[in-house]
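Subject: Structure handover

Hello,

Please find the structure below, with the sequence. My notes on it follow.

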Amino acid sequence: MTALTALRIGTRGSLLALTQARALAHAIEGDTEIVEITTAGDVDRARGDKSRWTGALEAALLAGDIDVAVHSAKDVPGELAEGTALVAALRRADPLDVLVGEHALATVRVGARVGTSALRRRAQLLAERPDLEIVEVRGNVDTRLRKHRAGEIDVLVLAAAGLARLGRRAEAGGTLTGAVFVPAAGQGVIAAQARTGSAAADVVSAASHARTMACLRAERAVVRELSASCHAPVGVHAEFVANGLRVRGFAGLPDGSRWVIDEIVRDGADEDAGRELARRMALAGAADLLREAEAMAT
């Protein structure tokens, strides 16, 4: 590592965030140091703006207090701080959502209280099961699991990857599958952000999984093209199939009353595939739905 001693990896201080930072440190050649950063999201969990989780990490990165910031890729806003880039993505874990407290959505009782803080999950659950009562549940994984055990909610929806990284995947029941259940862009991916052209960027990029990074670029291109904010019920998932890169997208209203779903398969540039899918979805009404969803959330 020229111009570097121990590479300083900035992360939030939650158990899951630290676990992800250690995974990145393990993948990097050379010495590393994990630096905990308190974000606005850690101080005030009542608001949903993704930048509240990433802003303090970006500030520390730009100030030179850390060399790289590690994120759950699904929490990274579409636009990054100027002078920075996502330079690595570790091999993707299970990108899907899972149920805690039930084996399948079909067997969840009518009118059950289902806990989630994500508008995307709310929209998808209500699209499939409009009888459910969706309860907003915030906090880290342990906090949410405690609320479920305490009976505040009947069923909890969490990301499979987060539970698995904490060694708690067995606590979940069924996986949410079906046409409407498209994961959040970047779900299951640990991403690294660094200053463009820095020595740290070169070091960390060597740990990147090429296919995961290609999928992440395609997914983030959809989000940017649709101008989807943190209040937008949008899901995007890309994966390699036999004839190219398949990108699936979901956009809907938080009450599950209307939605748009589409997918494309392209053998070409990842971001181009994402932009093409977003344009198709916008023409099918997704842009109008997202503007309406934004108005409902404010």
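This is a predicted model: local features need pLDDT of at least 70, side-chain atom pairs count only at pLDDT 80 or more; totals for chains, interfaces and linings use all residues.

A ring does take part in a contact of another kind: the charged end of Arg211 sits over the ring of Phe240, 4.3 Å from the ring centre.

Next, a backbone point. Most residues other than glycine have a negative phi. Ser227, which is not a glycine, has a positive phi of about 55°. Ser227 lies in the loop between helix H8 (210–225) and strand S10 (234–241). Is Ser227 buried or exposed? Its relative accessible area is 63%, so Ser227 counts as exposed, the cut-off being over 50%.

The other residue I looked at is Asp255, placed in the loop between strand S11 (244–252) and strand S12 (259–266). Asp255 has a relative accessibility of 41% and is therefore partly exposed, as this value falls between the cut-offs of 20% and 50%. The side chain of Asp255 makes a polar contact, at 2.7 Å, with the side chain of Ser257.

Which residues does Asp255 touch beyond its neighbours within four places in sequence? They are Leu126 and Met296.

Regards

Conventions. Residues are numbered from 1 along each chain as its sequence is written. Side-chain values use heavy atoms; hydrogens and water are left out. A charge sits over a ring if NZ of Lys or CZ of Arg is within 6 Å of the ring centre and within 35 degrees of the ring normal. Helices (H or I, at least four residues) and strands (E, at least two) are DSSP runs, numbered from the N terminus. Buried means under 20% relative accessible area, exposed over 50%, partly exposed in between (1.4 Å probe, protein chains only). Contact means heavy atoms within 4.5 Å. A polar contact is a pair of N or O atoms within 3.5 Å; within protein, one must be able to donate a hydrogen and the other to accept it, and residues adjacent in sequence count only if both atoms are side-chain atoms.
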